[in-house]
Amino acid sequence: MTLTFIIPGDPCAKGRPRVFVNGGKARGVTPKKTRNYEAMVAECAATAREESGGVWPLPAGTPVRVEVDAVFRRAGGLFRAKDSDEMIPRAKRPDVDNVAKAVLDGMDKAGIWQDDAQVVELVARKWDGAIVGLRRERRSEAPHVVVVLTVIGAPE
C-alpha cells in the first residue's frame, strides 16, 4: 500500500524548541512557524489518507518507508545558460533531516500511524526547482514537498 501527497509552499525545517521555566518547571515550546507547517502537513496527509481509503492509522508495528523530496525555489543566479533546466541538488540550509522531521511530525498529527517509530526507512532529498517557461518568462517551479509512504511487506 502506498500513500502519496504534495505539500504546497516553501519546505520548513523543524525548529528547535524554546525552553522556559514557569513555576519551577521547564517547558519546551515549538516555534510558531514549525507548528503552522506541521499543521499544513497534517492537513495534506489527512486529505490523502481520506481519499486513499485503507486502514488508518496503520496498526502498531507496521513497518513503513517514507520518501521526502523537498523542492525549493531556484535562486536567481542559477538561471544561466550553463545551468540545467532540471531540478538540481541543493546543498544549502535548511538541513534535510530537519525538513524530514517536520514532515514526519505533521504526519503523526494526521493519524497516519500509531507512532513515527514505525518508520524503518527514510529517504530525504533537497532540490532547487526545475526551470519552467521559455526565454524571458523563465522561472523556477513552485516550491513544494512530495511525500511517498509505502507499507513494507504489504501487497501492492
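Trainee: Which cysteine sulfur is closest to the sulfur of Cys12, and how far away is it?

Mentor: The closest one is in Cys44, 14 Å away, which is too far for a bond. A disulfide here is a pair of cysteine sulfur atoms within 2.5 Å. One thing to keep in mind is that this is a predicted model, where local features need pLDDT of at least 70 and side-chain atom pairs count only at pLDDT 80 or more, while totals for chains, interfaces and linings use all residues. Residues are numbered from 1 along each chain as its sequence is written, and side-chain values use heavy atoms, with hydrogens and water left out.

Trainee: Then how many disulfides does a search of the whole structure find?

Mentor: The search finds 0.

Trainee: Are Cys12 and Cys44 buried or exposed?

Mentor: Cys12 is buried, at 8% relative accessible area, and Cys44 is buried too, at 17%. The cut-offs are under 20% relative accessible area for buried, over 50% for exposed and in between for partly exposed, with a 1.4 Å probe and protein chains only.

Trainee: Changing topic: what can you tell me about helix H1?

Mentor: H1 covers residues 32-52, so it has 21 residues, and it reaches 30 Å from its first C-alpha to its last, close to the 30 Å expected at 1.5 Å a residue. That expected span is 1.5 Å times one less than the number of residues. Helices (H or I, at least four residues) and strands (E, at least two) are DSSP runs, numbered from the N terminus.

Trainee: And which residues of H1 are buried?

Mentor: They are Thr34, Tyr37, Glu38, Val41, Ala42, Cys44, Ala45, Ala48 and Arg49. An α-helix has 3.6 residues a turn, so residues three or four places apart point the same way.

Trainee: What covers them?

Mentor: The cover over the buried residues of H1 includes strand S1 (2-8), helix H2 (96-109) and strand S9 (144-151). After H1 comes Gly53, with a positive phi near 75°.

Trainee: Which residues touch the most other members of the largest nonpolar core?

Mentor: Met107, Trp113 and Leu149 do, in a core of 30 residues. S1, H1, S4, H2 and S9 each give at least two residues to this core, and H1 has the largest share, with 6. A nonpolar core means buried Ala, Val, Leu, Ile, Met, Phe, Trp, Tyr and Cys residues joined through side-chain atoms within 4.5 Å.

Trainee: What is Trp113 in contact with?

Mentor: Leaving aside neighbours within four places in sequence, its contacts include Pro57, Leu58, Val64, Val66, Leu104, Met107 and Leu149. Contact means heavy atoms within 4.5 Å.

Trainee: Now charges. How many salt bridges does the structure hold?

Mentor: It holds 14. To count, a side-chain nitrogen of Lys or Arg must be within 4 Å of a carboxyl oxygen of Asp or Glu. In one of them, Asp105 pairs with Lys14, the closest N and O atoms being 2.8 Å apart. That pair links distant parts of the chain, with Asp105 in H2 and Lys14 in the loop between S1 and strand S2 (18-22), 91 residues apart. Asp105 is buried at 10% relative accessibility, whereas Lys14 is partly exposed at 21%.

Trainee: Where do Asp69 and Arg125 lie?

Mentor: Their side chains meet in a salt bridge at 2.6 Å, N to O. Asp69 lies in strand S4 (residues 64-72) and Arg125 in strand S6 (residues 119-128), so this pair ties together parts 56 residues apart in sequence.

Trainee: How do S4 and S6 run, and how many bridges join them?

Mentor: They run parallel, joined by 9 bridges. Two strands pair if DSSP finds at least two bridges between them. Val71 stands opposite Trp127 in S6, and Pro89 also stands opposite Trp127. S5 and S6 pair in the antiparallel sense over 2 bridges.

Trainee: Last one: where is Asp85 found, and what does it touch?

Mentor: Asp85 is in the loop between S4 and S5. Not counting residues up to four places away in sequence, Asp85 touches Arg74, Ala130, Ile131 and Arg138. With Arg138 it forms a salt bridge, the closest N and O atoms being 3.5 Å apart. Asp85 is partly exposed, at 36% relative accessibility.
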